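Here is a friendly walk through a two-chain model, to be read with the viewer open. Please load the structure and follow along.

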Amino acid sequence: MKVILEKRAQVSKYELVAVRVASIVLALFSVGLLFIFSGIDPFYAYSVILAGVFGNAYGISEVIVKAIPIGLCALGLSVAYTAKVLNIGSDGQLIMGAIFATWIALFSNVPPALILPSMFLAGFIGGLAWAAIPAFLRSKYNVNEVIVSLMMNYISLKVLDYLLYGPWRGHGVFNYPITDEFPMFARLPLIPGTRIHYPTLILLILLTFLILFIMNRTKFGLEIKAMGDNLEAARISGIDIFRNSLIVMLISGGLAGIAGVGEVAGIQYRLIRNISPGYGYSAIIPAWIGGFNPIIVLVASLFVSSLFVGGNVAKVSLGLSYGLVNVFNGVILLFLISSEYLVGYRVRIEWM
Amino acid sequence: MVEPIIRMEKISKRFPNVVALDNVDFSLMKGEIHALLGENGAGKTTLMKILFGMLKPDTGTIYINGKKVKIKSPKDAIQYKIGMVHQHFMLVDSLTVLENVALSHENKPIVDHDKVEKRIKEISERYGFFIDPRSKIWQLSVGEQQKVEIIKALYGDVDILILDEPTSVLTPIETEELFKALKVMRNQGKSIIFITHKLDEAINISDRITVLRKGKVVGVVKPSEITKADLVKMMVGREVIETVNKDKLTNNLSGEPIAEVENLVVLNDRGLVALNGVSFVLYPGEILGIAGVAGNGQRELAEALIGARKVSRGKIKILGIDITNKKTKDIIKLGVSYVPEDRIRFGILPNLSVAENLLITNYEDPRFSKRITINYSSFKNVALNLIKEFNIVTSSIQTPAKFLSGGNLQKLLIARSAVKEPKLIIVSNPTTGLDVASVAMVHEWLIKMKKKNVGIILISEDLEEIIKLSDRIIVLKEGKVAGNFVGEAKITEVATAMTTKAPT
């Protein structure tokens, strides 16, 4: 018997979905083995997790809560990745957005009526400005944006620390490195009974359709797709590589900044050290898988966020260690990404 | 009967939707030059890729010196003393010549750069290549990269050398030199397989010819025992008569020039002078052939004309308008089209659809776009018409371009330049790697454009093509115009200009 890997000529939508579903099933099976090693009945474990995540309104609302920042970052990243501009700095850009929004909320003189829109604008600018540095270095000096944007994540964390331990430390917070709470008019309204800050959610949905429009209908969309596919050919066709690389990087930074605003104004109501538990990094996978299609990016973001929530449920309800939660997420993502290879290749078995 | 040095038996290979090789037998005797002849897509490269370990056959066996072998990778092939010079270069763009050669040969963990450089220089001098081992691949032109491939193949101790269409980027003089070198190797006992679709070369150089057609062996013949016409029939299965009707213009100086280039100075990617004061004028309905060995400024000239490369000094005027250092999009709007060389590297967007590829130089056209949007549905009909007009084989205009064959990709690039009625067309090496029928189609199209009074700048390293099509020929050598030929020109005269020192 010989197993032959044949490159597929065309991939049907059916095959695309089938491979991915199969990989998720395999991943869940492997994690089930992990549960067994931890002394837990895997079926019981999964039923608890599924019930916790999808079986009740609160679980579902939590999935949405986490999907907002992940989705916003992923949306922005997908635009950059289309042009093969590899922005890894979403997390730092999110933090910068949060910082700028905090300044507006706590330390500016913006009148209360205008404060929420100002915060969103400021957050957008903050994330955009943070992304502008790797963007400019890349366009002008061909400096690798992966490294610069990644390193700037760490810089943003230190800036955050400086502000929280220093000039922005709140009063009456027992010296914890957190700011004062935002005034009521600087907090986003929630859907009652949940933690969903719906203005940001609406923004996410609107932006999804905006990006869909940009990708499929505009000249800019065609240009960045061309850049990502064959940079030389794009250059010869007259596409402004410099300008476009800059723009996609700024867009991805700006959207991450908006995600940051959502977190400070909608969830925490203050600026804290752990304002992003890695949302910017988690957004990379949905952005990469989604490709040119923002709808898929959104769906993938929902999936990643349900992994987050599922992991938390496992920790809380099953008493599993925090490490296992990461293993859980990691295994599923690993299977998904590895299966991408099989999307392009068909397995043929020859019985000799 | 003497055992062949290489025997391939019953080799079959299929790719998705296509049977590339169907029970092919092939044998190579020691000390012979054996041509593997066939049209594009006949399976020649596939067969040799199997011999060189780059592909695994679905069925069949390979014997070397009578012993059955399994060649699992090029490193195995190299151990069996087989070397291969590829048609589509297998070079790492970001590394230097020296590093690329070392990659395929040096097995020790630490590479002795000086030793490798010395050996490269040895081989280069023996065959007349002038390549700086320290230059990076992406900085070299197509012809120079090919020379690197040859050096790579000759680097080790090879008994069997496979060459895949090596002359597509060489001048006649260089081709003769290569053939001379190959004959020397053969007389020293080496065995050579020479893949080509050029009949004349096969007859000229080889001791035996194996003809492939659509993945099957049509026959194995000796050049002395067969006529050219019969060979054509074997390759193609029908008689192909190639006639190009050309009305030679005798310099229509009364029209307004389409393009005027004055003392152009342009730098290459390495910051060195590629064009050193080039001047010429092009009139409507004229085909200006730009001849020259790769690496003498051709690519830089084309890119300067289309606005994709900075002009350091000098002027370019198109239709009387100074377009020096203007943006590509503005130049395209004036009616200039560019069909770049090396379609895979510079022309095609592989994962985007055929329609998007056709659109990529045309999306500013008000027929299918507004200020920021593109109207894909109004482009659809244009695209479908182009597919029909240029006979591009594809199941739909949504198919990603990477699924098209070489010939169809070239037609795609040409169709792209025909969306708008151009006034000036710049084509660079449009027929490399194309089969007889496709070459004829490209040439017919150029003549058709010429008859419509389009000005054409034809940059080509195929001298026969230049002579056949051009009204005037200028030779580029080391960035200067080294020769100016009008009317009938002999190949040898032009070739001489290409290889002797340029006038100062």
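Which strands of chain B does helix α9 (residues 298-306) of chain B lie across? This is a predicted model, and in it α9(B) lies across β11 (259-267), β12 and β14 of chain B. Relative to β12(B), the helix runs at about 60°.

Those strands belong to an open sheet of four strands in chain B, ordered β12-β11-β14-β15 and paired in antiparallel fashion. At the edges stand β12 (273-282) and β15 (321-322) of chain B; each has a single partner strand, so one side of each is left without a neighbour in the sheet. For β15(B), two bridges join it to strand β14 (residues 311-318) of chain B, and the two run antiparallel. To find the spot, look for Ile318(B), which stands opposite Ile321(B) in β15(B).

| Helix pair | Axes come within | Crossing angle |
|---|---|---|
| α14 (residues 406-417) and α15 (residues 436-451) of chain B | 10 Å | roughly 10° |
| α8 (residues 219-229) and α10 (residues 241-268) of chain A | 11 Å | roughly 100° |

With a crossing angle of roughly 10°, α14(B) is roughly parallel to α15(B), because angles under 35 degrees count as such. Gly407(B), Gln410(B) and Ile414(B) in α14(B) meet Ser438(B), Val442(B) and Trp445(B) in α15(B). By class, this contact holds three nonpolar, three polar and no charged residues.

In chain A, the axes of α8(A) and α10(A) cross at roughly 100°, which makes α8(A) roughly perpendicular to α10(A). Here Glu223(A), Ile224(A) and Met227(A) in α8(A) meet Ile241(A), Asn244(A) and Val248(A) in α10(A). The residues of this contact divide into four nonpolar, one polar and one charged.

Staying with chain A, Phe174(A) lies in the loop between α6 (145-165) and α7 (198-217). Is Phe174(A) buried or exposed? Phe174(A) counts as exposed, because it has 6 C-beta neighbours inside 10 Å and the cut-off for exposed is 12 or fewer. From Phe174(A) to Ile284(A) the separation is 110 residues in sequence and 37 Å in space, C-alpha to C-alpha.

Finally, the chains meet: 30 residues of chain B are in contact with 19 residues of chain A. On the chain B side, the elements that give two or more residues are α10 (328-333), α11 (343-347) and α12 (354-359) of chain B. The residues of that side divide into 18 nonpolar, eight polar and four charged.

Notes
Residues are numbered from 1 along each chain as its sequence is written. Chains are lettered from A and ligands numbered from 1 in the order in which they are written. This is a predicted model: local features need pLDDT of at least 70, side-chain atom pairs count only at pLDDT 80 or more; totals for chains, interfaces and linings use all residues. Axes are lines fitted to C-alpha atoms, for helices over the stretch in contact, and angles run from 0 to 180 degrees between N-to-C directions. Angles under 35 degrees count as roughly parallel, over 145 as roughly antiparallel, 65 to 115 as roughly perpendicular and the rest as oblique. Two residues are in contact if their C-beta atoms, placed from the backbone, lie within 7 Å. Ala, Val, Leu, Ile, Met, Phe, Trp, Tyr, Cys and Pro count as nonpolar, Asp, Glu, Lys and Arg as charged, and the others, Gly among them, as polar. Two strands pair if DSSP finds at least two bridges between them. A residue is buried if 20 or more other C-beta atoms lie within 10 Å of its own, exposed if 12 or fewer, and partly exposed in between; C-beta atoms are placed from the backbone.
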